[in-house]
Amino acid sequence: MSANTPDTIPFVDLVAQYKRYQSEFDAAWRTTVENSAYIGGPALQRFEKAFAEFCGAKICVGVANGTDAITLTLRCMGIGPGDEVLVPAHTFIATSEAVTNAGAKVVFVDVDPVHTLMDPTKIEAKITKNTKAIIPVHMYGQLADMQAIMPIAQKHGLKVIEDSAQGHGAIEHGKKAGNFGDAATFSFYPGKNLGAYGDGGAVTTNDAALADKIRRLANHGRADKFGHLIEGVNSRLDGLQAAILEVKLRHLETWSSERRAAAKRYNEMFAGVAGVKTPKTRTEGAHVFHLYVIQVQNRDALREHLTAKNIQSGIHYPIALHELEAYKYLGHQASDFPVASAFCKNIVSLPIFPEITEAQQQRVVEAVKQFVGQAR
Ligand SMILES: *Cc1c(COP(=O)(O)O)cnc(C)c1O
């Protein structure tokens, strides 16, 4: 990627975020270093408590990243070899990778054509006697249709893990992401809505026994009093990340509002522009817009056009999971999950972050308009 120029519109502006709260961040990392509280420690305990409260869950267990959060949860639910787990065909590979990491089999479910979230009407056809869990993903910051998914899971006795890596604070009918299923998993990858200064993740749940198991498995199987009852893994959220996340959590609601406002401005600016399909929201005010994804023809050419104008963009994600080389072993055709396949070909993620200005958005929209205007 070419170096940023002063007029570059970044995809995500973590420097702007740092500068906005610099004294708070500097105090947080300085305290960690001065107390050498690198693993465990007071900041981790405070953050876990604060994040559980934020989510409306009883317990939060910090882990090393969002992928491990899913794998550890599955393993502690007793899900592994011989079991099948349903995941949407359109998500980041981490969701399905985590299932494989737990030793279980990935089974894809297509997404719905309007919101491109796991399609509840396509779930039951994928359930077999080996199915143990469903992992709906709150893609792009929008809650999956949990009102439809939970009754299906209950009917078939399946566990539900909400992959909330893109949905921190997404809320519907007064319930935040993480309050619908048996557990929810979060990523604190730097670019996520709540991001650390490195990798990080968490599981939230109301199930104390499950939380204890996850905490133990993530910390070498260590039990407080009895030594090591099992072999575990090393997957901890470290003290420095927790200290940074503690600062950021205080501002997350403000950032979610700013993201919603930015998405609303994009929607208004794109209104009536032929050739640009803007994202659809299931419930007004629920979406936290981790990403703002439009659909256009010739998206690769659009991205080149944007790059030439010093506007960064992304694709989340370019190829539906069942079409990836990594899943060739499942033997799928593109047409097995047609909605996910088609959607992945036309999407472009535009810059969105709390600090984005109206002028920056205007420039992005003008560039997109110019491109689709030329194309017709
Ligand atoms: C980022 C992400 C993950 C994985 O999180 P990491 O912290 O990078 O391991 C899982 N699922 C989804 C949907 C994500 O966007």
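This is a predicted model: local features need pLDDT of at least 70, side-chain atom pairs count only at pLDDT 80 or more; totals for chains, interfaces and linings use all residues.
Visitor: How should I start with the ligand, and which residues come nearest to it?

Guide: Start with the shell of residues around the ligand. The shell here has 15 residues, and G66, T67, D163, S187 and K192 come nearest. Sorted by class, the shell holds 5 nonpolar, 8 polar and 2 charged residues.

Visitor: Which side chains place an N or O atom by an oxygen atom of the ligand?

Guide: A polar contact is read from the distance between two N or O atoms, with a cut-off of 3.5 Å.
- S187, with an N or O atom 2.6 Å from a ligand oxygen.
- Q166, where the distance to a ligand oxygen is 2.8 Å.
- K192, where the distance to a ligand oxygen is 3.0 Å.

Visitor: How much of the ligand's accessible area does the protein cover?

Guide: The reference is the ligand on its own, which has 380 Å² of accessible area. The protein covers 93% of that area.

Visitor: Which open space does the ligand take, and which elements give two or more residues to the shell around it?

Guide: The ligand takes the space of the largest pocket. Two elements give two or more residues to its shell, namely α4 (66-76) and α5 (93-101).

Visitor: What is the volume of the largest pocket, and which residues are closest to its centre?

Guide: Volume and lining are read together. The largest pocket has a volume of about 560 Å³. Its lining consists of 25 residues, with F92, Y189, K192, H290 and Y317 closest to the centre. As in the ligand shell, α4 and α5 are the elements that give two or more residues to this lining. The largest share comes from α4, with 3 residues. By class, the lining has 11 nonpolar, 11 polar and 3 charged residues.

Visitor: How does the second largest pocket read, in volume and in lining?

Guide: The second largest pocket holds about 460 Å³ of space. It is lined by 18 residues, and R215, R216, N219, R222 and D224 are the closest to its centre. At least two lining residues come from each of α3 (42-55), β1 (59-63), α7 (208-217) and β10 (222-223). The class count for this lining is 6 nonpolar, 5 polar and 7 charged residues.

Visitor: Turning to the backbone, where is a cis peptide bond found?

Guide: The angle to check is omega. The bond joining H316 and Y317 is cis, with omega of about 10 degrees.

Visitor: Which residue other than glycine has a positive phi?

Guide: H220 does, with phi near 60 degrees. H220 sits in the loop between α7 and β10, and those two elements are among the ones that supply residues to the lining of the second largest pocket.

Technical notes: Residues are numbered from 1 along each chain as its sequence is written. Side-chain values use heavy atoms; hydrogens and water are left out. A residue is near a molecule or strand if one of its heavy atoms lies within 4 Å of it. A polar contact is a pair of N or O atoms within 3.5 Å; within protein, one must be able to donate a hydrogen and the other to accept it, and residues adjacent in sequence count only if both atoms are side-chain atoms. Accessible areas come from the Shrake-Rupley method with a 1.4 Å probe; for residues, only the protein chains shown count as cover. On a 1 Å grid over the protein atoms alone, a cavity is a set of points where a 1.4 Å probe fits but cannot get out, and a pocket is an open set with protein on both sides within 12 Å along at least five of seven lines; lining residues have an atom within 4 Å of a point. A molecule sits in a cavity or pocket if more than half of its atoms lie within 2 Å of its grid points. Helices (H or I, at least four residues) and strands (E, at least two) are DSSP runs, numbered from the N terminus. Ala, Val, Leu, Ile, Met, Phe, Trp, Tyr, Cys and Pro count as nonpolar, Asp, Glu, Lys and Arg as charged, and the others, Gly among them, as polar. Grid points are joined across faces, edges and corners, and a volume is the space filled by probe spheres set on the points.
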